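Subject: Structure handover

Hello,

Here is the structure I said I would pass on. My notes on it follow below.

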Amino acid sequence: MFALSLGDDGAELRPLEPWHAEEYLAHIDRGREHIGQYIALSDRATDLASATAFLQSYADKAAADSGRLYGIWTDGVLVGGVLFRTFDVESGNCEVGCWLEEAAVGRGLITRAIRVLIDWAVEERGMHRVEWIAASSNTASINVAKRLGMVRDGVLRESNPYRGVRHDMEVWSVLAREWRERRASGR
């Protein structure tokens, strides 16, 4: 297994696998309300069996080269994660996403971790387009897309029914050439 440092604050990015199910469930339990504001992730892990099943679904995606899941640990504690929700090598398109428990917010963890994912997708796997989709009301997530230099492609009006309300979803993206130019300029 690997662990990539996300900076000098002790944060690490590691694969999040089925054998982490207990730790993952404890993390979701700590952050259930915060994480569940905009995404159904906390609804999908309510006990050990469902947490294991969720992690296994991403292990299966990784084996099929269609998605991947990584955890963010700080001081040895799982506090969030990032993922390739979709990963389509043939089309050269993928979608990244994230979640974080409230205690870890405001430290730049998601921005740093997503940079690692985009670098790998573009430079190692030859992805042409990386997407970020977030509820229009999720200011923190939209701000990450902006910090990453993504461009707002548009709004999918009332496209996401979540907890009885239809939410507008914003689609942001960065193309490989844009990512490389941004990285070369030091941004």
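R32 and D29 form a salt bridge, with the closest N and O atoms 2.5 Å apart. Both residues lie in helix α1 (residues 21–35), three residues apart, about one turn of the helix. R32 is partly exposed at 24% relative accessible area, and D29 is partly exposed at 44%. Please keep in mind that this is a predicted model.

The structure holds 14 salt bridges. Another of them joins R183 to D119, where the closest N and O atoms are 3.1 Å apart. R183 belongs to helix α6 (residues 176–184) and D119 to helix α4, so this pair ties together parts that are 64 residues apart in sequence.

R152 and E170 also meet in a salt bridge, at 3.1 Å from N to O. That pair links strand β7 (residues 151–162), which holds R152, with strand β8 (residues 165–175), which holds E170; the two residues are 18 apart. R152 is partly exposed, at 45% relative accessible area, whereas E170 is buried, at 9%.

On helix α4 (residues 109–124): its 16 residues should span 22 Å at 1.5 Å a residue, and the end C-alpha atoms are 22 Å apart, which agrees. Its buried residues include R112, L117 and A121. After α4 comes G126, with a positive phi near 75 degrees.

There are zero disulfides. The sulfur of C94 is 14 Å from the closest cysteine sulfur, that of C98, so the two are too far apart for a bond. C94 is buried, at 2% relative accessibility.

Regards

Conventions: Residues numbered from 1 in each chain as written. Predicted model: local features only at pLDDT ≥ 70, side-chain atom pairs only at ≥ 80, totals over all residues. Heavy atoms only, no water. Helix = DSSP H or I, 4+ residues; strand = E, 2+ residues; numbered from the N terminus. Expected span 1.5 Å × (residues − 1). Buried < 20%, exposed > 50% of the residue type's maximum accessible area, 1.4 Å probe, protein only. Disulfide = S-S within 2.5 Å. Salt bridge = Lys/Arg side-chain N within 4 Å of Asp/Glu carboxyl O.
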